[in-house]
Amino acid sequence: MKIQTKYLSEVEIEDYKIIQFPFGLPGFVHETQFVLLDLPDNPIFQILQSIASANVAFIVTNPYQIYEEYTFELDESLMESLQIKKEIEVAVLSIVTLKNPFKTSTLNMKAPIIINSALRQGKQYILNSDDYSSKAPIIPSVAEREVK
């Protein structure tokens, strides 16, 4: 199937790569089907692209590539709704808010996107803790000092 995308024009996708978000995403409740697209020449970031609306797309990343110690527990209701049986089925993504300059960009670590990669089911999961911010620096402080 061919879809129009926000960042990559028209792309061909396979039906089996579609991720179902039965309740949409906060603010986008009618957007229930997305696909993860790779950014050319960029192994860190991907695009979570709506199938139905070309302009609904989010830059995402695996937060563990930036914050190795990021940790939280999934509650039973989420695990049931996504039919998660094993930890290996779980993929975690954070939405990136890009800013200029790039080093001021942020990650939403307060509301990660949880995907059952085996069943292609997803949901944005809002953490009930103040341990993480919705605007965590994309460059953690230690790494930022090394850059300077």
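Reply: Here's a walk through the core, then the ring pairs. Keep in mind that this is a predicted model, where local features need pLDDT of at least 70, side-chain atom pairs count only at pLDDT 80 or more, and totals for chains, interfaces and linings use all residues. Side-chain values use heavy atoms, with hydrogens and water left out, and residues are numbered from 1 along each chain as its sequence is written.

A nonpolar core here is a set of buried Ala, Val, Leu, Ile, Met, Phe, Trp, Tyr and Cys residues joined through side-chain atoms within 4.5 Å; buried means under 20% relative accessible area with a 1.4 Å probe, protein chains only. The largest such core has 27 residues, and Ile13, Phe72, Leu74, Ile114 and Tyr125 have the most contacts inside it. Strands S4 (33–39), S5 (42–50), S6 (57–61) and S7 (90–97) each give it two or more residues; strands are DSSP E runs of at least two residues, helices H or I runs of at least four, numbered from the N terminus. Apart from this core lies another, of 12 residues, including Phe21 and Ile95.

Now the rings: there are eight aromatic pairs, meaning Phe, Tyr or Trp (six-membered) ring centres within 6.5 Å, with planes under 30 degrees apart stacked, over 60 edge-to-face and the rest tilted. Phe34 and Phe58 make a tilted pair, 6.4 Å centre to centre with 40° between the planes, linking S4 to S6 across 24 residues. Phe72 and Tyr125 are tilted as well, at 6.3 Å and 40°, and sit 53 residues apart in the chain.

How values were computed
Buried means under 20% relative accessible area, exposed over 50%, partly exposed in between (1.4 Å probe, protein chains only).
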